[in-house]
Amino acid sequence: MTTANPGLSRRRFLALSGAAAGSALAVGCAPASSTKTPVTGASGSAAKQGVVTVMSQAGEFGPKEAKAAGQALGITVKTVEYDLTKLTAMLASGNPPDVVRGMGATDTAYLAARQVAEDLDPYFAKSTLIKADDIDPVNDLWRFDGQKQGTGPRYGFAKDYSQDAMLWYNSALFDAAKVAHPTSAEPLSFDELLDLGKRLTRRQGAKVSAYGLNANGLSVFITLCGMTASAGGKVLADDLASVDLTSPEALRAITWYLDYAKAGIGPTVLNPDPNGWDGPTFQAGRMAIATDGYWFGGLFGSDAKNAKLAHLLPAPQFGTEHRISPCYGATGLWMPKAGKNKDAAWQVMEWFLAGDPAKTRAAGGWGIPPLKSLQKLMPQTQPFQKEAYQVQMAEQKYFSVMTFTPYVRLDAIDGVISRELPKAIKGTVSPAQFADSLNGQINAQLADGKKRLR
């Protein structure tokens with residue numbers, strides 16, 4: 001089997017995988033099969049015996065999924081809760097998990113450039129469940145040719161995805177504030193969205209009792225990139241080795257975000273949501289608008305109260321001439337190159353991503369399925385599901401992705417932003433000074449990351 005590259009140190013493995021806070025949680029699990037006969041794998045032989053270790057989140061691939069996989073495939077599967085420090089140490093020691101959770105949009109280039117992730121093209125070529133003409137284009141986020149995403153080998157596969165800048169709103173909070181419901185026929189402008197957030201925020205004295213808006217999305221940096229693209233610009237240079245947050249388009253995005261943060265109408269680094277993510281806050285009637293994609297609707301399938309109140313909207317825009325609706329996640333699974341049990345690991349990946357568990361996730365509304373043939377399973381039974389499905393289908397024509405850099409991880413960039421944001425929110429630095437500071441620090445990270453890859 002392939003062994004770890006002896007030239008890869010613990011430092012180079014730093015922050016190899018993971019997900020931003022607030023990413024989609026899928027909770028469904030397919031009923032276990034009664035057979036324990038090993039199945040034929042992509043290699044054409046019976047799945048290799050031994051233990052397959054999956055590092056993921058318990059809400060996505062936990063002990064229940066491991067048990068079901070073992071019963072369906074005749075493979076012993078165990079799980080390890082995703083932990084970045086532990087993953088880094090396991091990768092550096094040459095003894096990684098066999099399968100790891102990741103975000104295709106932001107992890108692929110980093111993993112591929114460091115030769116950490118296995119090229120899965122040979123497995124896909126022989127797969128019995130995943131056919132080339134059935135793969136949704138979002139999965140190109142898991143491809144990287146050394147220069148850009150979208151071409152080259154596949155290094156992973158999405159379990160589901162959403163257009164992550166889309167909005168969900170709680171109609172009860174609109175009614176309580178005597179604010180007209182927005183229409184899904186046209187996207188809100190960012191100015192309209194900010195105004196709604198201010199009007200919908202409820203306060204008890206100086207304390208916010210219900211947020212008007214959470215504009216953070218999966219990541220502040222990625223959110224700023226998407227807003228800049230909507231304004232007609234871009235943050236990352238063509239060579240992916242530098243950023244420019246001082247362009248007119250980027251400054252427009254930064255100024256808008258700072259206006260949101262200063263208004264105190266939603267969670268920020270200075271005043272984070274105690275729940276840590278939008279789900280519990282929205283369901284408790286304490287968030288009027290949440291920046292979460294289609295996947296968020298999976299929460300309401302068994303929540304009769306919120307099923308009557310939750311509505312999906314298109315992604316907001318700075319200008320319709322640049323209308324975009326990006327995917328920032330494409331959360332899925334990848335296989336470490338140094339794994340010891342790859343054929344069996346592929347069996348588990350294939351089963352989870354395209355077998356019965358994938359069908360269950362699709363039917364539950366937990367994101368758009370990664371295979372086109374499964375998209376017919378997206379739920380339309382309840383009125384809110386039918387409405388959300390129609391809004392989502394109309395939004396697909398504006399689907400867009402942005403190539404992420406291979407030189408530094410997203411969480412490292414967001415770390416810089418989190419350190420600098422308090423000063424900008426408090427007004428001790430201007431938006432332009434904030435952008436200058438981010439440019440200097442992020443570009444230094446990118447230069448160092450690029451140097452380490454030589």
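**A walk from a buried alanine to a helix pair**

Ala315 is buried, with a relative accessible area of 0% (buried means under 20%, using a 1.4 Å probe and protein chains only). This is a predicted model, in which local features need pLDDT of at least 70, side-chain atom pairs count only at pLDDT 80 or more, and totals for chains, interfaces and linings use all residues. Residues are numbered from 1 along each chain as its sequence is written, and side-chain values use heavy atoms, with hydrogens and water left out.

Where does Ala315 lie? Its place is the loop between strand S11 (310–313) and strand S12 (325–326); strands are DSSP runs of E with at least two residues, helices runs of H or I with at least four, numbered from the N terminus. Beyond its neighbours within four places in sequence, Ala315 is in contact with Ala165, Met166, Pro187, Ile324, Ser325 and Glu395 (contact means heavy atoms within 4.5 Å).

Let's step to the sheet. Three strands make an open, antiparallel sheet in the order S10-S7-S11, where pairing takes at least two DSSP bridges between two strands. Its edge strands are S10 (289–291) and S11. Three bridges join S7 (residues 167–170) to S10, and Trp168 has Ala290 as its bridge partner in S10.

Finally, look at helix H7 (residues 220–230) and helix H14 (residues 410–426), which pack at about 90° with their axes 8 Å apart. Axes are lines fitted to C-alpha atoms, for helices over the stretch in contact, and angles run from 0 to 180 degrees between N-to-C directions. H7 and H14 are therefore roughly perpendicular (65 to 115 degrees). Val220, Phe221 and Ile222 of H7 meet Leu410, Ile413, Asp414, Ile417 and Leu421 of H14.

Notes:
Buried < 20%, exposed > 50% of the residue type's maximum accessible area, 1.4 Å probe, protein only. Parallel < 35°, antiparallel > 145°, perpendicular 65-115°, else oblique.
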